[in-house]
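The points are grouped by topic below.

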Amino acid sequence: MQELITRAKELLENGTVSRVLGWKVGDMPYNPEPAFFDSADTLDNFVYNGFCGANLSKYMIEASTLEGKTLVFLKPCDTYSFNQLLHEHRVDRDKAYIIGVGCKGKLDIDMIKAQGIKGIKDIKGAEMSDACDTLTIDTIYGEKSCAYSKAMLARCHVCKGKEHKIYDELIGESKDTQDQERFAGVEYIESMTPEEKFEFFRNELSKCIRCNACRNVCPACSCRKCVFDSNKFDSAQKANVDSFEEKMFHIIRAFHVAGRCTDCGECSRVCPQGIPLHLFNRKFIKDINEFYGDFSAGETADGDRPLTSFTFEDVEPSIVSERG
Amino acid sequence: MYKIAKENLSALFRKISETMGLYLPISSAGQTNFGAWAEDADVDLTTLKTVKSAKDTFFPQSENLYTCTTEDKKITVTPEKLQEEDFVVFGMKGCDVQGIEVLDRVFLSEPVDSFYAARRNHGTIVALACNEPENSCFCNVFGIDCADPKGIADVATWDMGDFLYWNPITEKGEKLTAYLSDLFEGADDTAVDELKNSIHNIVDKLPYSDLSLEGWGGDALDEKFNSPIWEELYKPCLACGTCTFVCPTCQCYDIKDYNTGNGVQRYRCWDSCMYSDFTMMAHGNNRTSQMQRYRQRFMHKLVYYPANNDGVFSCVGCGRCVDKCPSSLNIVKVIKAFSKEAK
């Protein structure tokens, strides 16, 4: 972490960048927050550890409107989002100085609590300096420990890889954390009967409180004003007033980001009700792979996208009924 | 003081729902929220905090106010019926109980909100002590004793392992207890006192229990409003409504019309000061930046509300926003940031 701070101070002081976008130390060991740093002395509050799961790419939309360059720290999966935003002309490459930071899997405090670890005072082992094998947790009930991998965010179990897809320089080691099949969850739902699927989604979506956290955190949801926020649009936006809106809001959103979603998993990370929203997006990714060949949004900033470029080999809409 | 074996709780729930409504923490698709009891409901009394507070039971996220229907040239306006049946909210924690007190001061003062008042009249609150308060809890800072939920609660209960201890507090609580008396046996207070002590010991050790509210309150308006700190604090805010929707005291709502095809359903739904159309009027919006919206939420809880309500804060320290904010922002960090600045 010190290496990141030192480098950020250098880049600020030699005028390469005007500000730094990273994470600020929280008031607890597990709650750092995204933050802009304008001067070298404020960087003393900079932190980069296992709890820095937030994807900073979306903040670069705003940073692209500011004077001068912004130094941004991106994890490998975050670089996919940045590339995709670049492809959509929502961020400015010339306004960004990207340091690709190593990642050994990001942690989810709820996963730690779910193991019955309560009254947490301190957590050691999330500093990213070692192998990230074990967390030692100091609680008001004594010391506990838990395997790092058991405390990881769901998305890290299907990690896309250690490679940064866009950067100016790289700092830090990454670790292979993938230990699950990426499409297993989708395949499981595909194998359900229509009635079972309906029941599954009804149960999950009925928990939605329309806080819009999934939309607001999503790097693919970068419209200046969302149609759901328009007061001229006949939707509730902040409550599920009828069962249609309850069922369809997330499905409509998934359609809107289809082909652009990089599977960064932020939607599921932030959902206060634990709705596995990424499954919708991942279903579209799986379909796109099957219909158009393997494609990973944000792998590159340029090149054709399967859903926005036409070829005569494209599948016909009838595929929906043909494959059952 | 009474007690009931936990294995008989379903008989208790059944008996309550024979003659009235019953809302309690129910687990569904992996999350626990307050919901209506049913024979096959997965009642969950062990989860410390429901995702949403118990606020819905008196002030639902959305509710119809009236319906207009048109037939030829005739328009009929049908007001929505007020709550007429009695109901019980079981398992509310001390923080949520005080949350309802905060709402009372808003909705029961003139002009009285008739929808809310009807629910309050017909609702009986059975509170449940928190056996193991968590890291993000700081209700003690607001004078709440999670080991002995009182305030406007009608009955206080304690989970003692095999038994649930039950102590009626108000007339409504006595009435409910009398109705259920066949299911109870007498109990003495000693065991409950021991549990209270052990809960207090936990509270003392929690990281936020010594949070200081010094400097906050109705008199702090100009100083806090004009502070440059907000400019820094709001930055990571995503402008989602998570903090407001899980909050037991956020009471702002919007009124909207739903086009039914042959008329209009006028309903209200919770609003969030984090949203861009919050308090939007014909002339536009009086808060045009996210910094202003962000500041509004905390100023309301810690300055405006106490200014209008005898110094009472409209935060109850439940810690839901602490647990749920996608960017790890929350009221504790705000309070700490201002204390640090003061030093």
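Of the 324 residues in chain A, 43% count as buried. The model is predicted. Chain A contains eleven helices and eight strands, and its domain assignment gives domain 1 (2-171) and domain 2 (184-322). Chain B is likewise assigned domain 1 (2-205) and domain 2 (218-342).

**Overall form of chain A**

- A compact globule of 324 residues would have a radius of gyration near 20 Å, and the 21 Å of chain A agrees with that.
- Along the principal axes, the C-alpha atoms of chain A fill a box of roughly 60 × 50 × 40 Å.
- Contacts in chain A between residues at least 6 apart in sequence include 69% that join residues at least 24 apart.

**Domains of chain A**

- The C-alpha centres of domain 1 of chain A and domain 2 of chain A are separated by 26 Å.
- In the contact between these domains, domain 1 of chain A takes part with 21 residues and domain 2 of chain A with 17 residues.
- Helix 3 (residues 76-87) of chain A gives the most to the side of domain 1 of chain A that touches domain 2 of chain A, namely nine residues.
- That side of domain 1 of chain A is made up of eight nonpolar, seven polar and six charged residues.

**Domains of chain B**

- Between the C-alpha centres of domain 1 of chain B and domain 2 of chain B the distance is 25 Å.
- The contact draws 31 residues from domain 1 of chain B and 27 residues from domain 2 of chain B.
- On the domain 1 side of this contact, strand 4 (62-71) and helix 2 (94-107) of chain B each supply at least two residues.
- Strand 4 of chain B gives the most to that side, with nine residues.
- By class, the side of domain 1 of chain B that touches domain 2 of chain B holds 15 nonpolar, ten polar and six charged residues.

**Interface between the chains**

- The contact between the chains involves 45 residues from chain B and 35 residues from chain A.
- Two or more residues of the chain B side come from each of helix 5 (190-205), helix 8 (242-246), strand 11 (253-259), strand 12 (263-270) and helix 11 (331-342) of chain B.
- Strand 11 of chain B provides the largest share of the side that touches chain A, with four residues.
- The residues on the side of chain B that touches chain A are 20 nonpolar, 13 polar and twelve charged.

**A sheet in chain A**

- Five strands of chain A form an open sheet with mixed pairing, in the order 2-1-3-4-8.
- Strand 2 (33-37) and strand 8 (169-171) of chain A are at the edges and have a single partner strand each, so one side of each has no neighbour in the sheet.
- On average, and with direction ignored, neighbouring strands of this sheet are turned by 30° against each other.
- Within the sheet order 2-1-3-4-8 of chain A, strand 1 (residues 19-24) and strand 3 (residues 70-74) of chain A run parallel and are joined by three bridges.
- L21(A) has V72(A), in strand 3 of chain A, as its bridge partner.

**Backbone details**

- Most residues other than glycine have a negative phi, and most peptide bonds are trans.
- H89(A), which is not a glycine, has a positive phi of about 60°.
- H89(A) is located in the loop between helix 3 and strand 4 (96-101) of chain A.
- With 8 other C-beta atoms within 10 Å, H89(A) is exposed, because the cut-off for exposed is 12 or fewer.
- R210(A), also a residue other than glycine, has a positive phi near 55°.
- R210(A) sits in the loop between helix 6 (194-205) and helix 7 (213-217) of chain A.
- R210(A) has 25 other C-beta atoms within 10 Å and is therefore buried, the cut-off being 20 or more.
- In chain B, the peptide bond from E110(B) to P111(B) is cis, with omega near -5°.
- P111(B) belongs to the loop between helix 2 and helix 3 (114-122) of chain B.

Notes
Residues numbered from 1 in each chain as written. Chains lettered and ligands numbered in written order. Predicted model: local features only at pLDDT ≥ 70, side-chain atom pairs only at ≥ 80, totals over all residues. Domains from an automatic or database assignment. Contact = placed C-beta atoms within 7 Å. Nonpolar A, V, L, I, M, F, W, Y, C, P; charged D, E, K, R; others polar. Pairing = 2+ DSSP bridges. Axes fitted to C-alpha atoms, helices over the stretch in contact; angles between N-to-C directions. Rg over C-alpha atoms; globule rule 2.2 N^0.38 Å.
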